[in-house]
Amino acid sequence: MSSPQWQTQVVPARLSFLAIYNPSLGPTDETFADQLVYYYSRSAHEARIAAKKHARSDAAGGDAQREEENEQLRQIGLAQGMVDFARSFTDGKTHVDSIDTEKSRIVLHELEPGWWMLASIDLTQLPAAAPSSAETAKKIGTKTESKPAIEHSAREVSPPALLLQQLIQAHYIFMLHHGPSFDELFVRMARDKFCGALDRYWTRFARTWDVLLHGNPAADVFGGIKLSSGGELGMGVGEEEWGSGERDVLEDLTRRTMGLVDLVVSRFGEAPPVKDDATVDDGELLPWMGSGSQPIASDGVIFGGVGAITRPTLRSVSLWMRQIYTYGDRAYGVRDNPLRPRQKRIPPPIATAVERSENKASKQADADAAKAEAQSEDAGTTLGIPDQYMKYLTFGLSTFAKSSNPSRPEPPRRTIAKQKRMEETGHFVIGLRGDLSSIDESDSGIGSDGDDESSGLRSVLRTLQVELNETPTADEDKTELQKKLSEAGLSAGRNDRKDYRRLRVLVYVHRPFMYCFLFEDRTPSLSVAGFFKDLHHNLLPIHKPLLSSTSVARVAQRIEETQTPSKKSKEPTAIYDLIYDPALLTVHTSVPNIPEPGTSAAEGIISGMKSSSINSPSLWTRIEALNVHSQILSTLSSVQRNPHEYERTSKTTRNWWVVWMKLSPSSPAETLSNTCKPPPGDDAKPTPATLRHEDSTDSNDTNNTASTDPTSIAMEKAVAPPLNRIAILVRKASDAVAPPPKSTSRAASSMWNSLSLRSNSTSDEITGGASAGWGPAALAGGIGIDARKYVEGLLSLNR
């Protein structure tokens, strides 16, 4: 009997399958297969790649395909059964959204009414401890089954709330390019084209989806508009130092440019280093954009536009800009046109092909001749010494040292250097591709959308589906229905499809800023090359002022100056903050990212970074970052079950204080519309204040006909939940001493326990006990400051 093969490698958690289905498309058993509109399986994808690599065909053919189809239907049938089973216990009000098994984590979510998404994550596979030889012999003698060769662990796997938020954000970007809803796409397009559009986007997403904790999970779980470290640019008199002048320039540019609807500006990373700077980071060897770098805590939106587009659309645009920064031309909607189906390229005419081949051959011949001439000059020399003399001097060893093929393929340094040069001078990623300085005043035509290898000027045409804010209408221009809705305090036409429009998009980058212009679809100036050059010249004067007003060091200095002299010390401990405003859909955080494994930052070595800032993450190692972010996610999940809790302080066993608090809304809920669902940690159920508001509405106007309209009822429900702001503070404990190990032997079966977090078995352990900093003792023995006053000071900085 052969012994089991024990696994020696760690297999990180990854996606197993992803499905999108609609139960209403197949209500009967005969049409059940029509419910499924998209399905991706990692195992099936890997099997197809292996078969294609070895140039073999599957002998099972139809049997394997039928088995795969049966597995797909079984998964969505099981998901629907779980949803119906959960609804039977809650009277249909709530549904299950995640299930954890021994080997997988399953999440499902209703993206839109009737449209469901199902994802299964295979947990991390760890090599199991091999038994001793005595135990193995004993098991073989008794013929008992051996233990499995691998163990499954949820350590460092994203929690269900974060996985769902990543799927929702991906859905936002898909709808930004294709349309306002799945229902409209399904009605407007044929089924095969609809499924093809889903396959092009979601397959790319599924292949690159990182289900492990990475980036900034504490900010990503809210799914809002990520602001930069200093928030948006200042406004009005007194905010000139924080960019109010640059805001006026951008607003004036938006209003006076013909066809320009709105403009969004974000900042990513740092400005390009000085040429003679000796402390250049290794990351500067790669381009600023498209190198795969995740946005850091200080990155985000600095100018949210003039208010022409709605906040949800601004959120979608900001998420797409983050993808462009990370993936560059490989981001969805940049190199490939989402609205153009993939087609096989038609070969050019024979005459054109012959002419191109002749030109290419002549250029190649000239290049080869120049290279041969350059090599012939040094062909008979070694280090400038003739080979005959060098042979005598080295006793013949120089003949072995000299390579027979001195010419090597040139690395892509020229391409990287060209991209870095264009990033530092400014260029269009979407729009007029090419060198803007080569545009002449006489240039009026622009080349059509073509290959990226084109050396001339080329226009890349892309459009986005955005929702525009309704413009105020005069009373004499309102219809009878609009007047009734206004009298009832409701918005007229908010859910009308006329609010959605397809606009032409231009993306201009000038490190470290990215500009997203939204133009009318038929703007004539977009066909003129000189117009793009004028835009480039209009943005150059404000580049340096923007660098100064959005500097991370200046923001940190401004926060430090707000502290009272009694609170300052020679070596202040960094205080990281996170503030989420569901009314404005904004997220601001200074909590650093989780360093990538294997990098110097993961060990706390921050190259090329000055430590003079109060928020310098000098001790922010990977294990510390995982500990803090996991505690924040655990706290958000815990407080969601208690809507009446307004503050919680906890301390991890790695000596980090985490303070969560709920603040009052930034604006009245009655004036808001089209906002997202309540944030994590804020229950969606109506609070007593909301119930009183509904009772007073019914008592004032019980015969209001607008209240029976489904649209009006939906709008009332959308503004019913309280939009309380969420604030989180993180600080390293002053008495950072590792606690003694506990005597309990409870296994760490979840990710939170595996990261050395407190157990949530009792209320005392949830709150951190007496030493967690509840009440007045928190000012002295806890985080060391008045948390609410500190947050109020941050909010007073217009962040």
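Visitor: How are α4 and α6 set to each other, parallel or oblique?
Guide: In this predicted model, the axes of helix α4 (residues 160-178) and α6 cross at roughly 140° and come within 11 Å, with axes being lines fitted to C-alpha atoms, for helices over the stretch in contact, and angles running from 0 to 180 degrees between N-to-C directions. The two helices are therefore oblique (under 35 degrees is roughly parallel, over 145 roughly antiparallel, 65 to 115 roughly perpendicular, the rest oblique).

Visitor: Which residues make that contact?
Guide: From α4 the contact takes Q166, L167, A170, H171, I173, F174 and H178, and from α6 it takes A197, L198, R200, Y201, W202 and F205, where contact means heavy atoms within 4.5 Å.

Visitor: What about W202 and F205, how are their rings placed?
Guide: Their ring centres are 5.5 Å apart and the planes stand at 85°, so the pair is edge-to-face (centres within 6.5 Å for a pair of Phe, Tyr or Trp six-membered rings; planes under 30 degrees stacked, over 60 edge-to-face, the rest tilted). Both residues belong to helix α6, where they are 3 residues apart, about one turn of the helix.

Visitor: And how many aromatic pairs in the whole structure?
Guide: The search over the whole structure finds 26 of them.

Visitor: Back to α4, how does it cross α9?
Guide: The axes of α4 and helix α9 (residues 311-327) come within 9 Å and cross at roughly 100°, which makes α4 roughly perpendicular to α9. On the α4 side Q169, Y172, I173, L176 and H177 take part, and they meet R315, S316, V317, L319, W320 and Q323 of α9.

Visitor: What counts as a helix or strand?
Guide: They are DSSP runs numbered from the N terminus, helices (H or I) of at least four residues and strands (E) of at least two. Residues are numbered from 1 along each chain as its sequence is written, and side-chain values use heavy atoms, without hydrogens and water. Local features need pLDDT of at least 70 and side-chain atom pairs pLDDT 80 or more, whereas totals for chains, interfaces and linings use all residues.
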